[in-house]
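Please read it with the structure in view.

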Amino acid sequence: MKTYQALARRLVQHGIDPLFGLMGDANMQFIASYIDEQGGRYIGSSHEAGAVGMADGYARASGSVGVATVTHGPGTTNTLTALTEAVRANTALVLLTSSTPSGNPNHIQNIDLRALIEPSGAAFRRPERAQDVPGELAQALAQARSEARPVVLDIPVEFHDVEIEDTIAPRDETPEAPPADLDPDLLDAALGMIASARRPLVIAGRGAVESGAHDAITAFADLIGAAVATTVPARGFFAGHELDLGICGNLAHPVALTAILDSDCVIVFGASLTSYTTDSGDLLSGKPVVHVDKSAGHLNRYHQADVALCGDAAAVASAMTQLLASEDIEFASNRTGLAEKLRNRVPADEFVDKTRAGAVDMRSAMLRLATRLPSNRAIVTDAGRFLRSVWRYVDVTHPRYSAVTHNFGSIGLGIGCATGVSVAAPDLVTFVFVGDGGGMMSLTEFNTAVRYGLPLVAVVINDGSYGAEYSKLQGFNADPRHSLMDWPEFADLGIALGGNAVSVRSLDEIDKLDESTWAPENLPLLVEIKVDPSVDYYA
């Protein structure tokens, strides 16, 4: 059996289905074998960044390792931004690539792959012999899973046609090591802080989602009478809870912000407490913080906690609940009236609508659109000025089916990621919110959704500019017109790429959207919403 055939066979044996990628000299043989000989499902992207983004989105939504493949040289350099995003998102992902022939150092596509990859934060592996390729694949998948980060596997191109012995089926995955015992002194100190709190706050991050810790953390929060909130990547974790404050951080709505500032003890599960979540530390100032995370590297990285516990979110929350309940403590939580304030909150009263003829206020647009979306939805967001409006006003029904491509601060990654989410969750309608700048960078992947018949809706919020730069130029007293762009009609682009399209220029047109809009026969669909670049959406 040739190496490329063994690689294709091992991918299927390891349960890798689908495989995302863009074909080239370094991978076309094993892709063809994966499809034709092994019956694997291959999703071909239009750009290498899209392939990595799809594997990233698939991994986030499925909880499995995402696998992508690209060719050597420029095929690999084109992945770097998407790969770094996946690193920052702690995504378990394997990228299969290949170095150029070692006998030709002057090959036009030659580049030092290790030197290219390692600064991104991804791990890099390279087998020494063709015979080692199957084992290296198994180790790359295990490493990606255990370290929750991308691993790039460089399989030298000259190995592909080498005959190797590959008769041993891959071993079962090594089970995770049992969690280490919690430090009893630290646990006791944490419980003492929690028991004396009158206005506790529980924050859940993506680590809580990955742990499947919803029931355990909710039971803990209810026992101590805590309000609950999430980081952006864990949006929707507490959906339906009467004390759900939504996002904790500089995106918190006024009712939530008051409750967060009023808290006298904060217990954090599975979040790294970045400056976005803590508003540069201001939201946690002067109050004790108990920080629980499975990754020791996330503890005290951005904020020094009073007690830092390294452990699984679900396990620690359950242990805390059991210990506190056994002490028969009467918690003196003082959250009187908060549930009523949250129920009576009217988001439209929190800003002044600036809708005008031919352009809607994006905040109002998101509020209206949120009422029209199907309940069986996944939500993905690209990066840009529109984020505040989407994150505040468009709810997530389940955090597993939510993805944010803002971890590296890049625009243009959302549609690729959403395509992967849609592959992982074909029974849902995946909505990806993207600005016009990010849309122009990545709209070709909308055609990928068309080619594979995916239930995807791309919502392009078009302010005819690079919106964040428009606002910042105003802040610098510079002419914001330098950020304006004269784009073609996005609806025309959506149709040209093979999908359907709807243009929105008024709130009334949003109100006309209904269940039939998201019907399978109408998808993939592009919805363009025209907004005014001059409105300060950060207000």
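## Cis peptide bonds

P18 sits in the loop that runs between α1 (3-13) and β1 (19-21), where helices (H or I, at least four residues) and strands (E, at least two) are DSSP runs numbered from the N terminus. The peptide bond leading from D17 into P18 is cis, and its omega is near 15 degrees. This is a predicted model, in which local features need pLDDT of at least 70 and side-chain atom pairs count only at pLDDT 80 or more, while totals for chains, interfaces and linings use all residues. Residues are numbered from 1 along each chain as its sequence is written, and side-chain values use heavy atoms, with hydrogens and water left out.

A cis peptide bond also joins L523 and P524, with omega at about -5 degrees. P524 belongs to the loop between α22 (507-511) and β18 (525-530).

## Positive phi values

N90, although not a glycine, has a positive phi of about 55 degrees, and it is found in the loop between α5 (80-88) and β4 (93-97). Its relative accessibility is 39%, so N90 counts as partly exposed; the classes are buried for under 20% relative accessible area, exposed for over 50%, and partly exposed in between, with a 1.4 Å probe and protein chains only.

S280 is a residue other than glycine with a positive phi, near 60 degrees, and its place is the loop between α12 (275-278) and β11 (289-293). With a relative accessible area of 59%, S280 is exposed.

## Helix α7

Helix α7 (residues 133-147) has 15 residues and reaches 21 Å from its first C-alpha to its last, which is close to the 21 Å expected at 1.5 Å a residue; the expected span is 1.5 Å times one less than the number of residues. After α7 comes A148, whose phi is positive, near 50 degrees.

Which residues of α7 are buried? They are V133, P134, E136, L137, A140, L141, Q143 and A144. These buried residues pack against α1, β3 (66-69), β4, β5 (123-125) and β6 (150-154), with contact meaning heavy atoms within 4.5 Å.

## The second largest pocket

The second largest pocket has a volume of about 680 Å³. On a 1 Å grid over the protein atoms alone, a pocket is an open set of points where a 1.4 Å probe fits, with protein on both sides within 12 Å along at least five of seven lines, and lining residues have an atom within 4 Å of a point. Grid points are joined across faces, edges and corners, and the volume is the space filled by probe spheres set on the points.

The lining consists of 30 residues, of which D244, G246, R345, R392 and D395 lie nearest the centre of the pocket. At least two lining residues come from each of β9 (244-247), α14 (338-344), α15 (362-370) and α16 (387-393), and the largest share, 4 residues, is supplied by β9. By class, the lining has 16 nonpolar, 7 polar and 7 charged residues, where Ala, Val, Leu, Ile, Met, Phe, Trp, Tyr, Cys and Pro count as nonpolar, Asp, Glu, Lys and Arg as charged, and the others, Gly among them, as polar.

## Cysteines

With a disulfide taken as a pair of cysteine sulfur atoms within 2.5 Å, the count comes to 0 disulfides. The sulfur of C248 has its closest cysteine sulfur in C265, at 13 Å, which is too far for a bond. C248 counts as buried because its relative accessibility is 2%, and C265 counts as buried at 0%.
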